[in-house]
Structures are given as C-alpha cells and as structure tokens.
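The sequence and the structure are shown first.

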Amino acid sequence: MAISVPIVAVASSLHLIAFVLSVAAERRRSTGRVVPDEYDERTYCQYDSDVSTAYGLSAFAALLVSQAVVTGVTRCLCFGRGISRGVGGGDGGSRGCVVCSFALSWIMFLVAEACLLAGSARNAYHTKYWGHFEARDLTSCTTLRKGVFAAAAAFTLLSMGASLWYYWSHSKTNTGGWQKHRNEGLGMTDHHDKPNSEFESVKI
C-alpha cells in the first residue's frame, strides 16, 4: 500500500482544524461574575457567551473524523496485507515500529478527545445557586479551569504526528512486503523461462 497524498492532506487538515478550534476555545472560555439582582437583595452568577463549548465540540468532531480516516485506510492494524500475513517488513523492527506508532496515535487521540469533551462539558456548566446580597454567601462562579483546552490543543498536535507516523510506517511495511514478493515472483518467472529459451535455440 503506497502512501496517499490526499489521505495525508485530509488527516493533517482535520487535525489542524481541531488544533485551531481548541486554541479558540481556550481563548473564549466562559467567564462568570456575581451580580446583584435588580428586583431584590439576592445575587446570582452572570455568564458570558458559551461559544467555547461549540468550539470544543467542533474540535472533538474534527479529530474524531481524522482518526476514523486513518484507521479506515490502515484497517485498524488488523487486516493489513503486510502486517497480518507477515510479508511486510520481514524483520521485527518494522512491525514493532508500526505497533508502537499505532498505540501512540491512539493514546494521544484519546487524551485529546477526553480534554475536549471534559472542557466542553465543564464550560457549559453554570452556577444556578442564588445567594443573599447582605450575607455575601455567593462569592464566586463555577468556570472552566484555565489550560484544559490548551492541553487538548497540544495533544491534538501530538496526535497528528503520531497518526501520520503510524500511517507512513504501516504503508511502508505493506508496500515493502508486496514489492518483495512481486520481485521474487518475477525472478522465479525468469528462472523458469530461461531453460525454455535455451531449448528453443538448440532446437533451431
């Protein structure tokens, strides 16, 4: 299986889109402040826009699609010609490289997705408790801690590198095995054809 430029472009683009959305989600995190109610002496939390949640969920979807594309192309390391039949990368080093990159890509992907999902859910949560203005029992509002979406952005880049490494090593292993056996087949064909040619020349 040769490396496909469109597959690399699609996977990289979706990862970069998820990275940009994660950075945007970090910068637009929902903030809240305690404000007094205009009709009585109670206080409540007033929040700004929840656009960060939409960014986080969009990044989650983009990263999921990218991982699905790479997994589908490589058949999830289960049905690849060179890996399953042992024809690709006759040495154990090539297989080990594929397995390591496969595991690393999934670890980075799952961590990034967990950060995006947890950050989006936490950012959408709003404090609904009403306090009393004189007692001042409501002093702060629940907000998403800084750095969750930033961590998701970092792991998204790591996921992109690991996924491309896995796709490259898997493609190289599969292609190498196929070319090796094709060349062996051609060599055997030439070997069988050679005596026939010699026989024909003697007959003439």
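This is a predicted model: local features need pLDDT of at least 70, side-chain atom pairs count only at pLDDT 80 or more; totals for chains, interfaces and linings use all residues.

Residues are numbered from 1 along each chain as its sequence is written, and side-chain values use heavy atoms, with hydrogens and water left out.

**The chain as a whole**

The protein chain contains 5 helices and 3 strands, and along the sequence they follow the pattern α-β-β-α-α-α-β-α. Helices (H or I, at least four residues) and strands (E, at least two) are DSSP runs, numbered from the N terminus. Of the 204 residues in the protein chain, 34% are buried. Buried means under 20% relative accessible area, exposed means over 50%, and partly exposed lies in between (1.4 Å probe, protein chains only). When contacts between residues at least 6 apart in sequence are considered, 80% join residues at least 24 apart; contact means heavy atoms within 4.5 Å.

The table sets out the lengths of two helices. The expected span of a helix is 1.5 Å times one less than its number of residues.

| Helix | Number of residues | Distance between end C-alpha atoms | Expected span |
|---|---|---|---|
| α1 | 23 residues | 33 Å | 33 Å |

Helix α1 covers residues 5–27 and helix α2 covers residues 51–74; their axes come within 8 Å and cross at roughly 160 degrees. Axes are lines fitted to C-alpha atoms, for helices over the stretch in contact, and angles run from 0 to 180 degrees between N-to-C directions. The two helices are therefore roughly antiparallel to each other, a term for angles over 145 degrees. The crossing of α1 past α2 is left-handed, meaning that the near helix is turned anticlockwise from the far one by less than a right angle.

Residues that make this contact include Leu 14, Ala 18 and Ser 22 of α1 together with Ala 59, Leu 63 and Val 70 of α2. By class, the contact has 16 nonpolar, 6 polar and no charged residues. Here Ala, Val, Leu, Ile, Met, Phe, Trp, Tyr, Cys and Pro count as nonpolar, Asp, Glu, Lys and Arg as charged, and the others, Gly among them, as polar.

Among the buried residues of α1 are Ala 11, His 15, Leu 21 and Glu 26. In α2, the buried residues include Val 51, Gly 56, Gln 67 and Thr 74. Helix α2 is followed by Arg 75, whose phi is positive, near 60 degrees.

Ser 22 is found in helix α1 and counts as buried, at 0% relative accessibility. Leaving aside residues up to four places away in sequence, Ser 22 touches Ala 59, Leu 116, Phe 149, Ala 152, Ala 153 and Thr 156.

Trp 106 lies in helix α4, which covers residues 92–124. With 27% relative accessibility, Trp 106 counts as partly exposed. Not counting residues up to four places away in sequence, Trp 106 touches Gln 67 and Thr 71. The C-alpha atoms of Trp 106 and Ser 163 are separated by 8.1 Å, although these residues are 57 residues apart along the chain.

Ala 118 also lies in helix α4 and is partly exposed, with a relative accessible area of 44%. Its C-alpha atom is separated by 9.2 Å from that of Phe 149, 31 residues apart along the chain.

How values were computed:
Angles under 35 degrees count as roughly parallel, over 145 as roughly antiparallel, 65 to 115 as roughly perpendicular and the rest as oblique.
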